[in-house]
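This report describes selected elements of a two-chain structure and the contacts between them. The sequence and coordinates are shown below, followed by the description.

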Amino acid sequence: MVIKINTIQDKFMVAFIIRRAIQAILVMLIISLIGFSIKSNIGDPVRDLVGERVTPAERAEIADQLGLNDPFSTQYIRFVKNVLHGDFGTSLIYRKPCLEVILKHAPATIELVLGAALIIILISLPLGVFSALKPKHLFSRFIMGFSTLGVSIPVFLTAIMFIYLFSVTLGWLPSYGRGETIDIFNNGYWNSGFLTIDGLRHLILPCISLASIMLPLYIRLIRSEMMEVLETEYIKYAWAKGLSPMRIWLVHAFKNTLLPVVTVFGLQIGIMFAFTILTETVFQWQGMGFMFLEAIQRADISLLIAYLVIVASVFVLVNTVVDIFYGFINPTVRISGTK
Amino acid sequence: MKKLMLLGLSLFMVLFFTCTASSKTLKVGLDADPVSLDPQVQLSGGMLQLSHWVFDPLVRWNKDHKIVPRLASKWERLDELTMRFYLHKGVKFHSGNTFTAKDVKWSFERLQKSVDFKGLFEPFESVTIVDDYTVDIKTKKAYPLLLNMATYIFPMDSEFYTGTDDTGQPKDACVKFTHTFANGNESGTGAFVVKKFEQGIVLEMTRFKDYWDTKSPGNVDKFILTPIKENATRVAALLSGDVDFISPVPPTDFKRIQSDSKLNLVTLNGGRIITFQMNQDRVEAFKDARVRNAICYAVNNTGIVKKIMKGTASVAAQQSPVGYAGYKESLIPRYDLKKAKALMKEAGYAKGFEITMMAPNDRYVNDAKIAEATAQMLAKIGIKVNLKTMPKAQYWDEFDKQAADMMMIGWHSDTEDSGNFSEFLTMCRNADTGYGQYNSGAYCNKTIDELVIGAQSETDLTKRAEMLKEVEQILYDEAAFLPFHWQNHSYAAKKNFKIKPIVNALNFPYFGDLVIE
C-alpha cells in the first residue's frame, strides 16, 4: 500500500502516529525498568532451585551462571537486547522459554474471562432493563438488594462458598482445575475447555465467581442509564406518537442505553483480567494469574519480568491502535496534540 | 440405521464395562508436584516422592523406620569401608533395557556430580562392579550411614540416558534451569511409567506392565497427580470426590475429615524439628545460658502444639525425633514461667530487654502463628519482641544475613540420623567445612563439634548412639536453641484406598504398593 502525503491533514496524521509510537516504546522501557528494579526484592530464585543442603558457594556459582551477579545495567541491557531478538528469557521454574510458558497459560485465562463476560451480558441485560422499567416491582427490589450484597462480598469468599455448596455439599460440579481439555491447534498451546462437557462443567463455578464482581455493577449501570433515557424528550414524544411500549423500550430506549454501557464494559474487561488472579488461585485454574502468583512465590524473576513486559505491551499496543483510530475518526484529537 | 445404532450401543457397553471393571485409577492432590523427571536434579521432598514412583532405590525405609531391600536384594559389609550389594535379577527399565550393575555405577557417578546430591555423597569413594549383579560401594573413611545413603541411589537406565538429544545436548546433562533430556524423559525401574508431564498442571502415570516387584500388592493402573496449592481447595476436592488422596491436610480440617464416614485420615511424626535460634553475636544477653534457658522455660510449646497445631505435631525438647540414634527420652519440654522469671533475675535481666524476631509465613505449618505466640509468651518475662514475618522467597536471604536476633528454622535430617541436625544447626559455623551452615545463632561449643564429628565415623552403633545422646543433653542443658515440635505428615483418602500401609515418616507414599478395594 502506498501512502501519499499530500495534504496538511495527512502530515499531521503521520506525525501523530510517530509520536504515539515513540510514546509506546518509552512506556515499554519504563515498565521493563520498573520490573527489573523490583526483582531484587522478590527474593533469591536460586534458593528455590536447590535443596537446603547446597552450600552458599555452590549457590553463588549457579547465580553466576544465571548472570544474577552482574551489575544492574549489564543485566538490563542484556535483557533488552534479547527481547529485541524475541527472547524473553527462560523461566527458572518451568525450564522453558518464558514466552512459551505465558502463551500456554493465556488461553485458560482468556476462556475464564470470556465465560464470565458471557454470563455478565446474559444476566445483567434482562435484569437491568427489567428493574428500570418496573422500579417498584418486588422482583426489582430483590435484584437491587441482591446486587448490593454481591458488590460487598469479596470474590474469593464467593468462590469458596460456591465450592462448598455446589461441589462438596451438593456434589453437582467439580471443585478445581480445568477438567478435560481439547488441544485446538494440536500444538499444545490452546487447550480449550469449551469443547468438552467436562471442561464446561469445570468452567461454570469459576466463571460465575469471576462474574460476581462485575455483575451487580452492570445491573445498576444499565438500570440507571435506562431510567435516564426513559425520561428524555424523544421517548416522551414516542409515547405521544402512540408507539407500542415494546418498541419504545426495546428499540428506542434500549439502544441508547447500550452506548455508555458498552464503553464501560470494554474498559472493565482489562480489570477483570486482574481479578482472575484471585479466582484462579481458589479454583487452582492454571491460567496466567495462577502462573504469576507462582512466579512471585518461587521468585522466578525471569518469568515475572517477561510477564510484566508482555502484558504491558499488549495494553500499550491496544491503546496505541485505539488512539490512532480515534485520530482518524475524530480529527480534534490530533489537533489538540499538535500544539 | 437400526443396525448401526445397535452396533454403537454395544460398542458403548463394551467400552463402558471394560473401563469400569479393570481400570483402577488413583487421583492425588498434593501441595506441590515434582519440578522435573530427573531424580538427581533437585533434592526435595517432591522429587524424592517421584523417584519412589517412577524409579526404585537400592534400599528403602519402611514404615517402622527400618531399611528393607529393593533393587538390592541383600547386602553385606566386607570391611570398614566397603559394603557389597547383591542386585535383583530380571529387573527391566521402562525402556525395555535390563537393569545391571553398570546402571548402579553410572547413576552413582552422576549423583556425585549433581549440585544437590554431591554434598550428601561426599563421604563416598566409588562404586566397583564385581559382576553384572554385584557392586561394592566404598567410602573414604568408616561411615556408619552408608546404608542410609543407599536409599538415595535410584538407578537410572544408563543406556537410555547416553548419547545426545535433538538439540545436541548430552542426554545425561543434569541442569536445573534449562530444558534437558532427563528433565522431560524418564526410564526407571519403578511401578509407574510417566505418560504425560506438564509441570504445575498434571502428571499422569500408568502401571509398568513389566514391573519387577511381582510381590507388590499394589493394583493402581492409572495414577494422576495434580498440584493443588490452596489448602481449602485441596480439602474441597477430596470432600467432593474429585480426588482420592490429599496431602498435607490443613490442621483446621482434621475434625471434618475424621467425622466423614467415607474418608480416612492418617498422621505420622515427620521428624522435621521447628526451632528458633538465639543470636549471641547480636544480643549480649543470649551469651548467658541462663537467659537462653529462661526463654525455653517461658515458651509453652506444649500449648502451641495443642492450640495452634491442633495436636498435629509432636512436642519437642531436642533435635532428634523418636527412633533416631540420638533421641534421649529423658529430655522433656520445659515450661515453667516462675522458673523463667527467676532465671532472668539471676542473670541480671529482671527488667528484660528488647529484641527483633523473624519467621517465614509460608514455609512451615503455621510458622507465622507460632512466631506470634512466642512473641507474646516472651513478653511475660519482660522480653519485648519486634516480630517480622515474610514469604520464604525473601526469608532465606534475611536468614543468611542473620538479620534478626531470633530466627526460625526447621530441619529434617537428610540422612535420617541425629548427627545431621547438629552438623547444620548447632555446630560452630565454619564456611570452609560447611558445618553450622544454618546456625544463625552463633552458638558454638567445641565438645559438640568433637562428638558429632566423632560419631560420623564411629561404626560401633551403641557407642555412637551414646555420643549423639550426649550431644542432645548438652544442647538441652545449655538451651542452644528454642525447640517447638516435630511436624506431622498428614494424609487423607477415601476409605477404599488403603493408605495406612504405604505412608511413612519420610513422606514418600509408596503408591506402587497401594491397594484400592
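In this predicted model, strand 14, helix 11 and strand 15 of chain B form a β-α-β unit of right-handed sense. The two strands of that unit, strand 14 (residues 353–360) and strand 15 (residues 383–390) of chain B, pair in the parallel sense over eight bridges. Within this pairing, M358(B) has K388(B) of strand 15 as its bridge partner. Strand 14 of chain B also pairs in the parallel sense with strand 16 (residues 406–411) of chain B, over two bridges; here M357(B) stands opposite M406(B).

Helix 11 of chain B also takes part in the surroundings of helix 8. Helix 8 (residues 289–298) of chain B is mostly covered, with eight of its 10 residues buried. These are V291(B), R292(B), N293(B), A294(B), I295(B), C296(B), Y297(B) and A298(B). The buried residues of helix 8 pack against strand 12 (263–278), helix 10 (337–346), helix 11 (367–379) and strand 17 (481–494) of chain B.

An antiparallel arrangement is also present in chain B. Four strands form an open sheet in the order 4-5-7-6, with antiparallel pairing. Strand 4 (72–77) and strand 6 (124–131) of chain B are the edge strands, each pairing on one side only. From one strand to the next, the twist averages 20°. Strand 5 of chain B provides Y86(B) as the bridge partner of K74(B). Helix 3 (residues 101–113) of chain B lies across strand 5, strand 6 and strand 7 (134–139) of chain B and runs at about 165° to strand 6.

| Strand | Partner strand | Sense | Bridges |
|---|---|---|---|
| Strand 4 of chain B | Strand 5 (residues 82–87) of chain B | antiparallel | five bridges |
| Strand 14 (residues 353–360) of chain B | Strand 15 (residues 383–390) of chain B | parallel | eight bridges |
| Strand 14 of chain B | Strand 16 (residues 406–411) of chain B | parallel | two bridges |

Some backbone features of chain B lie in loops. S247(B) and P248(B) are joined by a cis peptide bond with omega about -10°, and P248(B) is in the loop between strand 11 (245–247) and helix 7 (254–258) of chain B. H65(B), a residue other than glycine, has a positive phi near 65°. H65(B) is placed in the loop between strand 2 (59–61) and strand 3 (67–69) of chain B, and it counts as partly exposed because it has 15 C-beta neighbours inside 10 Å. N507(B), likewise not a glycine, has a positive phi near 65° and lies in the loop between strand 18 (497–498) and strand 19 (515–516) of chain B. With 21 C-beta neighbours inside 10 Å, N507(B) counts as buried.

In chain A, helix 5 (residues 98–133) and helix 11 (residues 288–297) pack at an angle of about 135°, with axes 7 Å apart. The two helices of chain A are therefore oblique to each other. Helix 5 contributes V101(A), I102(A), H105(A), A106(A) and T109(A) to this contact, and helix 11 contributes M288(A), G289(A) and M291(A). By class, the contact has five nonpolar, three polar and no charged residues.

The contact between the chains takes 38 residues from chain A and 36 residues from chain B. On the side of chain A that touches chain B, helix 2 (45–49), helix 3 (56–65), helix 7 (155–169), helix 10 (245–283) and helix 11 of chain A each supply at least two residues. Helix 7 of chain A gives the most, with five residues. By class, this side of chain A has 18 nonpolar, 12 polar and eight charged residues.

Methods. Residues are numbered from 1 along each chain as its sequence is written. Chains are lettered from A and ligands numbered from 1 in the order in which they are written. This is a predicted model: local features need pLDDT of at least 70, side-chain atom pairs count only at pLDDT 80 or more; totals for chains, interfaces and linings use all residues. Axes are lines fitted to C-alpha atoms, for helices over the stretch in contact, and angles run from 0 to 180 degrees between N-to-C directions. Angles under 35 degrees count as roughly parallel, over 145 as roughly antiparallel, 65 to 115 as roughly perpendicular and the rest as oblique. Two residues are in contact if their C-beta atoms, placed from the backbone, lie within 7 Å. Ala, Val, Leu, Ile, Met, Phe, Trp, Tyr, Cys and Pro count as nonpolar, Asp, Glu, Lys and Arg as charged, and the others, Gly among them, as polar. A residue is buried if 20 or more other C-beta atoms lie within 10 Å of its own, exposed if 12 or fewer, and partly exposed in between; C-beta atoms are placed from the backbone. Two strands pair if DSSP finds at least two bridges between them. A crossover is right-handed if, with the strands pointing away from the viewer, the path from the first strand over the helix to the second runs clockwise.
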